[in-house]
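Here are my notes on this one, jotted down as I went through it. Have it open alongside as you read.

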Protein chains: 2
Amino acid sequence: MAKELKELTNRDENYSQWYNDLVIKADLAENSAVKGCMVIKPYGYAIWEKMQQALDQMFKETGHVNAYFPLLIPKSFLSKEAQHVEGFAKECAVVTHYRLKASPDGKGVVVDPDAKLEEELIIRPTSETIIWSTYKNWIKSYRDLPILCNQWANVVRWEMRTRLFLRTTEFLWQEGHTAHALQSEAIEETKKMIDIYANFAEKWMSMPVIKGVKSESERFAGAVETYTIEALMQDGKALQSGTSHFLGQNFAKAFDVTYTSKEGKLEHVWASSWGVSTRLIGALIMAHSDNNGLILPPKLAPIQVVIVPIYKSEEELAMISERVSGIKAQLISKGISVKYDDRDNLKPGFKFAEYELKGVPIRLAMGPRDYQNSTIELARRDTLTKQVVSVDGIAETVANLLEEIQENIYTKALRFRAENTTTVDNYDEFKELLDDKGGFFLAHWDGTAETEQRIKEETKATIRCIPLDAPEEEGKCMYSGKPSSRRVIFARAY
Amino acid sequence: MAKELKELTNRDENYSQWYNDLVIKADLAENSAVKGCMVIKPYGYAIWEKMQQALDQMFKETGHVNAYFPLLIPKSFLSKEAQHVEGFAKECAVVTHYRLKASPDGKGVVVDPDAKLEEELIIRPTSETIIWSTYKNWIKSYRDLPILCNQWANVVRWEMRTRLFLRTTEFLWQEGHTAHALQSEAIEETKKMIDIYANFAEKWMSMPVIKGVKSESERFAGAVETYTIEALMQDGKALQSGTSHFLGQNFAKAFDVTYTSKEGKLEHVWASSWGVSTRLIGALIMAHSDNNGLILPPKLAPIQVVIVPIYKSEEELAMISERVSGIKAQLISKGISVKYDDRDNLKPGFKFAEYELKGVPIRLAMGPRDYQNSTIELARRDTLTKQVVSVDGIAETVANLLEEIQENIYTKALRFRAENTTTVDNYDEFKELLDDKGGFFLAHWDGTAETEQRIKEETKATIRCIPLDAPEEEGKCMYSGKPSSRRVIFARAY
């Protein structure tokens, strides 16, 4: 059985298959009976819950509140914002009827033609339209602003090609929708939220990201400006990990949402929206994991420490279990989540492999000799190294090590990104390196959608973002030779 | 403006309108642009979050884990369990297409006839079918059991008559779905969960409930036995507040879910499912609130204490604010949620009315005299009484009082229920009292669906449950005169 657990495809041979194997074998998620929709299994969902808790706290600390808006949106709402409908109409789940009835042959059910909706409803692909139709009634005066709402919800986008976590027809996310009196406030909010996402990615997911703005053609449908965080996966492809949109007055105008200013003037409201999704679980997996399985940063690991007893007799097990219960209590009192795995039908080696696969950051193992010496074997998942440590002060040792692991995973990912970020000025060199090892490419671009499109068609690489911290630098577009004033990031992306 | 706030319909004159007014005016929820679907506003959602936290902890402490299953269910799944399809097919939102396209006149979007699904999907009205189709792959041996999964999700049931929180087309809930090797384990789980719901209702919502089993005709579609908790609202109507179903092997057989027992035999799995929903917010409102607004039990109140400064000058405000910041810190350190409302455009009287409307359990108000005397005025929402207390030890005073309020709201509701529970043996007397004051009626019933149906048709009262603690008692059915061995509870219900 230990063998079966380990049967991950080799990451370096087939990254894509390695990822799929890992999601399944680590019990994170699986495909469902409904095409493109996943089942998030308890272990995967526990990671999402950790993400939710951390993000929710950050949102609340910055003055946001949660609310809930309807799943279903009248079809006509979508068309109110011209670009929005362009972006989303093509991938909508459409509800047309509200009843089934027994089929004529009595063997099943069919749609009842008498229960046709007057206006079809779509399942929200994102909630700008239903929310702005609601905000219209909430906003009268400048005193009603800002509105800083977030919702945790499911959304549906009818994707043709899906992959667990990365692109699924239904996914879970949070979407913030804010309304402001002033343009400057909405822009400040948009930036604040991309900063929160970047902070979450780096501090919680141990995943370095580049903050930037999207080019016009990669913008959210209906946004004036889209801010993004872009992470680099271990196969050299980029993954957009969170976006925050400055929506200008587009939705306020589409839904006629105005307020009376302090000066008594009627003005349209300014807006932002921002979201991250269960896609982050895919990012987490692809940013860190290896051929032994998941590597989870301690802050998001459902189980931070597993303790495995090594014994030959019931007597030894009883002795060890008693000692372990003391250790467990010490760890728990430090807020560390611990599992003691004393299942008696599995060998220690199998358990070790299982927890490596599941990315548990620290594994402790105690045998009879450790018991006598008041020691315990401590194994790190990130480095796969082991040491024997004293049971005295074990909670402190583990707590410090968890922090170190959190940091180390980040440092390793940062180093990987540095090694795989190339400054390039020549299009042929770019294409060669892109095929060769991928990664991020800092290159000049002439700012036209045409060049962007051609590069995409020729190389499948897209402009991931124009980094916020990109210095002014005179240069020439690597494709057209036209002048450019700063480098942007090109990469192939998920 | 204070007047407008108070304009609740009188509870005793029109209970139904009072409820609707209160939900709107206390900013809990509102109707959306989509018929029957509500928007849960931040204040209402904050109550739901408190409910979720408490329940989620109880579920986890009893060994349950969260997971997430698809929103969409293939139409054919519904028909696999004969009673289940009977119960749910008539109120399903049906997804038939996956794309919209520009309408011929270019002014909107229409359903794209080329994007018709091969098999229609329904939006989950409950998830037994999709979950049991998934469990089939999770379960091979007795070692894979039990499975104790819960999910927090939205569901859709196409209701014709809707009311905010009480009956909405889309609602939020949790649904637990467990799988067991033995019948006895599944029954034990079913009972354990109804006990958890009862405990939550009583300890958190301060709402007494009667635990019982449903009559056959009121059972969940697909259940062998349905356990329920029934609460009494202030208008004398019952509200079903949570249900836990023993599903027998019905879904295991429908989806062919079997396991190999310790003895090597292939057996069908046993199941339970259980859920509570945002309906509980409706119950909470109707169980306790009055003509001044909401009365919230402290454990579920988004704001437990509000502090209002009373001042004439900026100077006084500054002094008071400084003292209040110390008090606020003390309260927060005890885990009490506090809001300091120093908005300068509203009079204290308006604020008082607003927080009464919103059900904040304790209001503190400090004026210049209080400042000098080191006192503060303390007002209780549940009794509408006021007293002046010392600022010394205020955190202790408030903490104790919050507990007292939690208890007092419960006691009051319990007394109300006792006063409105009638033991009745005569059908005419039953009908008269039912019209007169409503409430719970303990009556003998002959156990037939026919009698139950007739009583329902003649009086609109239904059997809420057969209480678990109902003593054996020889008697005669109040309707048919046939023998009965215990009393059941009749009531009109939401």
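1. Start with the handedness: α2(A) and α9(A) cross in a right-handed sense. Keep in mind that this is a predicted model.

2. On the geometry, helix α2 of chain A covers residues 15-25 and helix α9 of chain A covers residues 279-288. The two pack at an angle of about 120°, and their axes are 11 Å apart. That angle is why α2(A) counts as oblique to α9(A); the roughly perpendicular class runs from 65 to 115 degrees.

3. Who touches whom? From α2(A), the contact residues are Y15(A), W18(A), Y19(A), L22(A) and V23(A). Across from them, α9(A) brings in G282(A), I285(A) and M286(A). Sorted by class, this contact of α2(A) with α9(A) comes to 7 nonpolar residues and 1 polar, with no charged ones.

4. Now the cysteines. How many disulfides does the structure hold? The count over all chains is 0. Take C92(A), which is in no disulfide: its nearest cysteine sulfur belongs to C37(A) and lies 14 Å away. A disulfide would need the two sulfur atoms within 2.5 Å. C92(A) has 0% relative accessibility, so it counts as buried.

5. C149(A) is in no disulfide either, and here the nearest cysteine sulfur sits in chain B: that of C37(B), 18 Å away. Is C149(A) buried or exposed? Its relative accessibility is 3%, so C149(A) counts as buried, the cut-off being under 20%.

Definitions and conventions
Residues are numbered from 1 along each chain as its sequence is written. Chains are lettered from A and ligands numbered from 1 in the order in which they are written. This is a predicted model: local features need pLDDT of at least 70, side-chain atom pairs count only at pLDDT 80 or more; totals for chains, interfaces and linings use all residues. Side-chain values use heavy atoms; hydrogens and water are left out. Axes are lines fitted to C-alpha atoms, for helices over the stretch in contact, and angles run from 0 to 180 degrees between N-to-C directions. Helices (H or I, at least four residues) and strands (E, at least two) are DSSP runs, numbered from the N terminus. Angles under 35 degrees count as roughly parallel, over 145 as roughly antiparallel, 65 to 115 as roughly perpendicular and the rest as oblique. A crossing is left-handed if the near helix is turned anticlockwise from the far one by less than a right angle, and right-handed if clockwise. Contact means heavy atoms within 4.5 Å. Ala, Val, Leu, Ile, Met, Phe, Trp, Tyr, Cys and Pro count as nonpolar, Asp, Glu, Lys and Arg as charged, and the others, Gly among them, as polar. Buried means under 20% relative accessible area, exposed over 50%, partly exposed in between (1.4 Å probe, protein chains only).
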